[in-house]
Amino acid sequence: MSERRLPVSRRQVLALGGAFGLLTAGGPASSAALAHRPAGTGGLLRSAVPLPPAFRVPLPRPAVLAPVSTAGGVDRYEIVQRETVAEILPGVRTPLWTYGGSFPGPTVEARRGRPTVVTHRNELPVPTVVHLHGGRTPAESDGYPTDLVLPSSWSEHRHGGGMAGMAGMADPRAVQSRVVREYTFPNDQRAAMLWYHDHRMDYTAPAIWRGLAGLHIVREDSERSLELPDGEREVPLVITDRAFAADGSLAYPSLDPSLRGRPGVREPYAAGVWGDVVLVNGAPWPVHEVAAVRHRLRVLNASNARHYEIEAVDQDGRTLDLVQIGADQGLLAAPVTHRRLPLAPAERYDLLVDFGAVKVGGTVRLLNRLGSGRTREVMAFRVVRQEQDDSRVPAVLSTDLPQWRREDAVRVREFAFRAGRTGEGHGWLIGGRPFDPAREDVSVRLGDLEVWRLIADVHHPVHLHLVGFRILGRGGRAPLPHDAGLKDTVALRPGEAAEVITRFDGYRGRYLFHCHNAEHEDMGMMANLEVR
């Protein structure tokens, strides 16, 4: 990590890739992680049960959580983290870890500027941490990886006031609670679709894989005037991939399946874990019945490591426009039309798709152009009736996007995301160092405007906590069309350097930035961000 204003040379960028060989030398993943363009960093797990045909299971809609209280201008919710068994594949019973007994967890509907307090009760067999991804959240509720909620029976692995993490590291600043923790989200931010998930140090990837993820949607009244599709015509799509063991459980290559001892995955999956089943809202390759009108699709890639490039194709082979109206952190200034749209882990897109030109009885398939075999299919929409369409595509969507200028930044920082050696052997590093919760990596002043130059060896979706950012450019060129708007996750492609600009406002305290390939972050690719 450095603060420099010099451009990055091609030699520097290419040199980053050399470290990747340290991770998988001699292993099955040694060349696979670099063989795709764009790179799909991961190893494929194959299911040991028969898989259902596509487009037979109806698309579920995640339930909206009801508040237990709305007194005093604060919406209060309660969520129990617990084990359950669900029928994800037809006729197959699958144990899950859940928020409130469902996968994905229940959706929290919030209002801009109105605080939300969520009390989580941990009835799982291991500690948990809840992070609101994309949230403008005070540090004490941001879900720092060592701020654990311990189950009632937990008594081991305690060291020096902090939970032992990677290589036995301790965190003297960890704030832990037993069984119950209250998280406060002010929702002082633009309307957007956020998501919450487990963020426990060293075990984020397997916890999300087992089911610990859900939506948190911030709304504001000004959206009503835009006349966007709403109600049943606003459809959240949480896209994940999973694999199933012979007994119906979710297969995952943990070194310790109990998630209580040794963290990490077996070597062929150290670059990331892919499943061979694509789930949307927890259902395999589902189908959703729609009217022949415009719909608003709120899309989240909640996969651990799999990248998608989505395309909507009707039964005649015609590609439908994907009209992007929003990004990670809310509405764009104006719509951007795509035919295909890349989607990295943790990214969200707000899309309008018009089914009006599709005849009743027709089908529109949502495809993944980065997939192969069954993972080329995501889901389908079946047009079943005609209805009046009272929605529109506004020429102007928002006027409140920050107008940050590069020349106004107080400093430029540079961070290299690459594989390399750690104290444990091999892992994923930021600035040549694996994560240490007790170390201060970056300190910024509250209110400062900074430019960060992010450099990748292979594909890394980089996420900043607390703040949104604008993408200034990639490889010295202009941003790509899908880079529009305010983001909190940027998908770096292999050998790529991207620049982002952000103002560190909101709250003081300890935060993170990291790769959102969940296996990468569990293996060290996180860094501390102190806002002073």
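1. A salt bridge, as the term is used in this note, is a side-chain nitrogen of Lys or Arg within 4 Å of a carboxyl oxygen of Asp or Glu. The structure is a predicted model, in which local features need pLDDT of at least 70 and side-chain atom pairs count only at pLDDT 80 or more, while totals for chains, interfaces and linings use all residues. Residues are numbered from 1 along each chain as its sequence is written, and side-chain values use heavy atoms, with hydrogens and water left out.

2. By the salt-bridge rule, the count comes to 49. One of these pairs is E123 with R121, whose side chains meet at 3.1 Å, N to O. On relative accessible area (buried is under 20%, exposed is over 50%, and partly exposed lies in between, with a 1.4 Å probe and protein chains only), E123 counts as partly exposed at 45%, and R121 is partly exposed at 38%.

3. A second pair is E227 with R392, which form a salt bridge at 3.6 Å, N to O. This pair links distant parts of the chain, since E227 sits in the loop between strand 13 (213-219) and strand 14 (234-242), R392 sits in the loop between strand 27 (377-385) and strand 28 (411-422), and the two are 165 residues apart. Strands here are DSSP runs (E, at least two residues), numbered from the N terminus. E227 is partly exposed, with a relative accessible area of 40%, and R392 is likewise partly exposed, at 35%.

4. The side chains of R296 and D350 also meet in a salt bridge, at 2.7 Å, N to O. Because R296 lies in strand 19 (residues 294-301) and D350 in strand 25 (residues 348-354), the pair ties together parts that are 54 residues apart in sequence. R296 counts as buried, at 3% relative accessibility, and D350 counts as buried at 5%.

5. R296 and D350 also belong to a network of salt bridges, in which they are linked with E109, R219, E223, E234 and R298.

6. A separate point concerns E83, which has its place in strand 2 (residues 75-86) and counts as partly exposed at 48% relative accessibility. Leaving aside residues up to four places away in sequence, E83 touches L96, W97, L124 and P125, where contact means heavy atoms within 4.5 Å. E83 and R210 are 127 residues apart in sequence, and their C-alpha atoms are 9.6 Å apart in space.

Note on methods
Helix = DSSP H or I, 4+ residues; strand = E, 2+ residues; numbered from the N terminus.
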